[in-house]
Amino acid sequence: MKSKTCLTSIKRLSALFLCLTIFWTSVEFFNVAAAAQEIPETTTVVTGENTSIEKQLSTFLNEKVNTQDAVAILDDVGTAPNEVALQMNDGTVSVYCFSEPIKYEDENGEIHFKDTAIVEQDDNDFSYTNGDNNFSIDFSEDVDNGIKISDASHELTLIPVQNRETEKSDGKSKEIVNADNNTEDVFSYEGVFGEGSRIEYSPQLNGLKENIILDQYTGQNTFDFILNTGNDTVELVGNIVVIKDKKTGEVINELLPLFAYDSYDNGEYSADPAHYTEDCEYALLEQNDGT
């Protein structure tokens, strides 16, 4: 399938988000403390030579939870997929609850914390991948290979269609500071849709976020991608692209509704969005090769 993202024209478009998700929600958390005598005897979730709390948690969790006075990660408290429990040195337990899964169990029954980092890997076609997770997001420096998302049973690729008038873009991994003042790993293609444009991909705990960023509005309001889902089926349901297992009909991935905003108002740029719209849409066009 060829996925075409159509935007309502805004005077200056600074960011558009096209989201591929296995499970998607904004992440929020809170913590509670319990008296130590109310907690049964526990052991740490992760074992190994390096037993420091920071090393056992993912990069994502280290930015979200307070490990300063923690002495252990507990495996029989906070056992829900969206929870992590820390034994504190004063005898209390802090349980952090997130609004989406932050850990998974592998085929050997071992618990792993999901990570949103981008790391290098030994692959000629896809030289970067996401951190520890139960699905893979592989990034290619060659824009013609695009992004590959896969697990043990399914695979899809998303390839930006390069603007013919611009030089071919090479993908790069970099670290940025996001709106929450936390560091975030992104994989970026510069100039894919013309001068002053870029695409940024950032792994999420349970999906992938794509930002199309234009430094200035040039009149372009459609952005083309090649979407290859292998043997899985694709359909447009409202303003969501739904990818299903061809045999079982199970939903595997969803491209969630798009939104766009700009930061230009009355001749000046603003740190906050000046205009915002959800009046965006997908168009799926089947190609001769089945994509």
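Colleague: Why is Glu 120 called exposed?

Modeller: Exposed means over 50% relative accessible area, buried under 20%, and partly exposed in between (1.4 Å probe, protein chains only). Glu 120 has 65% relative accessibility, so Glu 120 counts as exposed. The residue lies in strand β9 (residues 118-120).

Colleague: What sort of model is this, and how are residues numbered?

Modeller: This is a predicted model, in which local features need pLDDT of at least 70 and side-chain atom pairs count only at pLDDT 80 or more, while totals for chains, interfaces and linings use all residues. Residues are numbered from 1 along each chain as its sequence is written, and side-chain values use heavy atoms, with hydrogens and water left out.

Colleague: Why is Leu 227 called buried?

Modeller: Its relative accessibility is 1%, so Leu 227 counts as buried. Leu 227 sits in strand β18 (residues 222-228).

Colleague: What makes Lys 174 and Glu 190 a salt bridge?

Modeller: The term requires a side-chain nitrogen of Lys or Arg within 4 Å of a carboxyl oxygen of Asp or Glu. For Lys 174 and Glu 190 the N to O value is 4.0 Å, and the side chains meet in a salt bridge. Lys 174 is in strand β14 (residues 171-177) and Glu 190 in strand β15 (residues 183-190), 16 residues apart.

Colleague: How do you know that Glu 200 is buried or exposed?

Modeller: Glu 200 has 6% relative accessibility and therefore counts as buried. Its side chain meets that of Arg 198 in a salt bridge at 3.0 Å, N to O.

Definitions and conventions: Helices (H or I, at least four residues) and strands (E, at least two) are DSSP runs, numbered from the N terminus.
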